[in-house]
Amino acid sequence: MSRKPKKGYFVRGQFVAEGSELDLEYKRELKGGLDGPSRTELKRESTELQELGTALLTLRKDLMEGLALPDKLVDGLAEAKRITNFEGKRRQMQFIGKQMRLLSPDTLQAVREALDIQRLGSAKDTQALHLAEAWRDRLIADDAAVGEWLAHHPQTDIQQLRALVRQARKDAVPVSNAAVSQGLAPRQGRAYRELFKLVRSVLTGGKSDESFDEAVDQETDDE
C-alpha cells in the first residue's frame with residue numbers, strides 16, 4: 001500500500017514538510033521572529049556566549065571580582081585554566097558555555113564591559129610604553145630634548161634627569177661597522193634602564209606598572 005505523500009513545499013530544492021522543525025523556523029523568520037528566535041539566531045547567540053566564556057579566562061582578577069558571577073561558573077573557569085588535555089579542555093569550555101547561557105542580560109553586559117575595559121587598558125599601556133621609549137632615546141641623543149621634556153614636565157627631578165642622561169651617554173658603546181654588519185645591538189648600562197623608569201613614572205603620574213619594569217629589565221639584562 002503506497003504511503004500518502006507528506007504535505008510541504010520546496011525551498012532551494014529542499015523539501016520542507018509541514019510541521020517540521022525547519023518549517024517552523026521558516027515561518028518564524030517570515031513572521032519577523034514574533035514566535036521567538038530562529039535556529040540561526042540561537043546558534044549565533046550560543047557562539048557569542050562561548051566566545052565570552054573563553055575571553056573570561058584572560059580577565060584580570062580585579063575585574064573578575066567585580067562581576068559577581070555564579071560560583072559554578074567561577075569554579076568552572078578556574079578548572080579550565082588548570083586543564084592541559086585538549087579533549088578535557090574542550091569539554092570544560094562546553095560546560096562554561098552552558099553556564100554562560102544561564103546568566104542574566106545585565107550580567108552578560110557587565111562581562112562585555114569588563115572585557116572592553118581590559119582591552120582598552122592594554123592598548124593604553126602599550127601606547128605609554130612606546131612613548132616612554134621614544135622620549136628616553138631622544139633625551140640621550142639630543143641635548144634640546146632635555147629642555148623640551150622639562151618644559152612639558154616641570155615636575156621632573158631635574159638633577160636626576162640630567163645625571164641619568166649624562167651617564168646613559170657615557171655607558172653607550174659605540175657601534176662599529178663590524179657590529180652593525182653582524183646585527184649586534186649595543187649593550188646598555190643601568191642608567192639607560194633608570195632613565196626609562198623615570199620617564200615612564202612622570203608620564204603615568206607616578207603609577208607603577210610591573211609589566212613596564214619587566215619589559216625594560218629584559219631589554220637591559222645583558223649589561
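1. The chain holds 11 helices and 2 strands, where helices (H or I, at least four residues) and strands (E, at least two) are DSSP runs numbered from the N terminus. Along the sequence the order is β-β-α-α-α-α-α-α-α-α-α-α-α. The model is predicted: local features need pLDDT of at least 70 and side-chain atom pairs count only at pLDDT 80 or more, while totals for chains, interfaces and linings use all residues. Residues are numbered from 1 along each chain as its sequence is written, and side-chain values use heavy atoms, with hydrogens and water left out.

2. Of the 223 residues in the chain, 31% are buried; buried means under 20% relative accessible area, exposed over 50%, and partly exposed in between, with a 1.4 Å probe and protein chains only. The chain exposes about 15,200 Å², and carbon and sulfur atoms supply 52% of that area. Accessible areas come from the Shrake-Rupley method with a 1.4 Å probe, and for residues only the protein chains shown count as cover.

3. Taking contacts between residues at least 6 apart in sequence, 52% join residues at least 24 apart. Contact here means heavy atoms within 4.5 Å.

4. Helix α8 (residues 158–171) and helix α10 (residues 190–203) have axes that come within 8 Å and cross at roughly 145°. The axes are lines fitted to C-alpha atoms, for helices over the stretch in contact, and angles run from 0 to 180 degrees between N-to-C directions. The crossing of α8 and α10 is left-handed, a term used if the near helix is turned anticlockwise from the far one by less than a right angle, with right-handed for clockwise.

5. On the α8 side, the contact is made by Q160, L161, L164, V165, Q167, A168 and D171; α10 supplies R190, A191, Y192, E194, L195 and L198. By class, the contact of α8 with α10 has 8 nonpolar, 2 polar and 3 charged residues. In this scheme Ala, Val, Leu, Ile, Met, Phe, Trp, Tyr, Cys and Pro count as nonpolar, Asp, Glu, Lys and Arg as charged, and the others, Gly among them, as polar.

6. The salt bridge count comes to 9, the rule being a side-chain nitrogen of Lys or Arg within 4 Å of a carboxyl oxygen of Asp or Glu. One of them pairs the side chains of R60 and D62, at 3.1 Å from N to O. R60 is partly exposed at 38% relative accessibility, and D62 is partly exposed at 47%.

7. In helix α5 (residues 86–100), E87 and R90 lie 3 residues apart, about one turn of the helix. Their side chains meet in a salt bridge of 2.4 Å, N to O. E87 has 30% relative accessibility and counts as partly exposed; R90, at 36%, is also partly exposed. A network of salt bridges links E87, R90 and R91.

8. R138 forms a salt bridge with E148, with the closest N and O atoms 2.6 Å apart. R138 is in helix α6 (residues 105–141) and E148 is in helix α7 (residues 143–152), so the pair ties together parts that are 10 residues apart in sequence. Both are partly exposed: R138 has a relative accessible area of 36% and E148 one of 31%.

9. D142 is placed in the loop between α6 and α7 and is partly exposed at 38% relative accessibility. The C-alpha atoms of D142 and V165 are separated by 9.9 Å, and the two residues are 23 apart along the chain. V165 is also one of the α8 residues in the contact with α10.
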